[in-house]
Amino acid sequence: MWRVWFKQLARYGILGTINNIFGYILYLLLTNFGLTPKLTMTMLYGVGMFVGFFYVKRFIFPCVGSVTYIGIRYVVAHFSGYILNFFILFLFVDVMKYPHQLVQAFSIITVAGFLFLTFKFYVFR
């Protein structure tokens with residue numbers, strides 16, 4: 001059991017790191033050109049969610065269940081992650097006035113952990 005967990009977590013970490021580094025660089029570029037942090041995060045979150053579905057389903061949590069059923073749960077999981085990310089940006093950037101670049105970096109790590117557990121126990125169980 002622990003071996004499977006470790007393998008899934010390692011794959012999730014490697015693929016997620018690549019995906020999130022690319023997304024974070026785009027986030028920094030777009031906010032540098034004047035887009036707001038929450039709007040930029042919203043746009044990139046949707047793209048990352050779509051791209052992530054294929055590699056998560058194939059390489060991390062391979063399953064043979066209904067793509068529709070899994071897809072709906074995947075969207076629900078990501079919507080929850082999006083709300084968490086949005087709340088973190090609102091609280092720490094808008095209310096507490098921390099730099100959005102640091103807050104989003106922290107948020108990526110937080111949401112990634114949340115999503116791994118959600119995928120493991122809810123989406124691809």
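A crossing of two helices is called left-handed if the near helix is turned anticlockwise from the far one by less than a right angle, and right-handed if clockwise. By that convention, the crossing of H1 and H2 is right-handed. Helices here are DSSP runs of H or I with at least four residues, numbered from the N terminus. The structure is a predicted model, in which local features need pLDDT of at least 70 and side-chain atom pairs count only at pLDDT 80 or more, while totals for chains, interfaces and linings use all residues. Residues are numbered from 1 along each chain as its sequence is written, and side-chain values use heavy atoms, with hydrogens and water left out.

On the H1 side, the contact (heavy atoms within 4.5 Å) includes Gln8, Arg11, Tyr12, Leu15 and Gly16. From H2, the residues taking part include Pro37, Thr40, Met41, Met43 and Leu44. By class, this contact has 12 nonpolar, seven polar and one charged residues. In that scheme Ala, Val, Leu, Ile, Met, Phe, Trp, Tyr, Cys and Pro count as nonpolar, Asp, Glu, Lys and Arg as charged, and the others, Gly among them, as polar.

Phenylalanine 22 also lies in helix H1, and at 57% relative accessibility it counts as exposed. The cut-offs are under 20% relative accessible area for buried and over 50% for exposed, with partly exposed in between (1.4 Å probe, protein chains only). Phenylalanine 22 and phenylalanine 86 are 64 residues apart along the chain, and their C-alpha atoms are separated by 19 Å.

Helix H3 covers residues 67–95, and its 29 residues should span 42 Å at 1.5 Å a residue; the end C-alpha atoms are 40 Å apart, which agrees. The expected span is 1.5 Å times one less than the number of residues. Among the buried residues of H3 are Ile70, Arg73, Tyr74, Ala77, His78 and Leu89. Helices H1 (2–32), H2 (37–60) and H4 (100–123) are what the buried residues of H3 pack against.

In the loop between H3 and H4 sits lysine 97. Although lysine 97 is not a glycine, its phi is positive, at about 65°. For context, most residues other than glycine have a negative phi. Lysine 97 is also exposed, with a relative accessible area of 63%.

A straight helix of 24 residues would span 34 Å, whereas H4 spans only 30 Å between its end C-alpha atoms. Buried positions in H4 include His100, Gln104, Val111, Leu115, Thr118 and Phe119, and what covers the buried residues of H4 includes H1, H2 and H3.

The axes of H3 and H4 come within 9 Å and cross at roughly 155°. H3 and H4 are therefore roughly antiparallel to each other, and H3 passes H4 in a right-handed crossing. The contact of H3 with H4 has 17 nonpolar, nine polar and one charged residues. Threonine 118, in helix H4, is buried with a relative accessible area of 14%. Leaving aside residues up to four places away in sequence, threonine 118 touches Ala77 and Val123.

H2 and H4 meet as well. Their axes come within 13 Å and cross at roughly 30°, and H2 passes H4 in a right-handed crossing. Pro37, Met41, Tyr45 and Val56 in H2 meet His100, Gln104, Val111, Leu115 and Phe119 in H4. The residues of this contact divide into seven nonpolar, two polar and no charged. Valine 56, found in helix H2, counts as buried at 2% relative accessibility. Not counting residues up to four places away in sequence, valine 56 touches Phe61, Phe119 and Phe124. Valine 56 and valine 76 are 20 residues apart in sequence and 15 Å apart in space, C-alpha to C-alpha.

Notes. Helices (H or I, at least four residues) and strands (E, at least two) are DSSP runs, numbered from the N terminus. Axes are lines fitted to C-alpha atoms, for helices over the stretch in contact, and angles run from 0 to 180 degrees between N-to-C directions. Angles under 35 degrees count as roughly parallel, over 145 as roughly antiparallel, 65 to 115 as roughly perpendicular and the rest as oblique.
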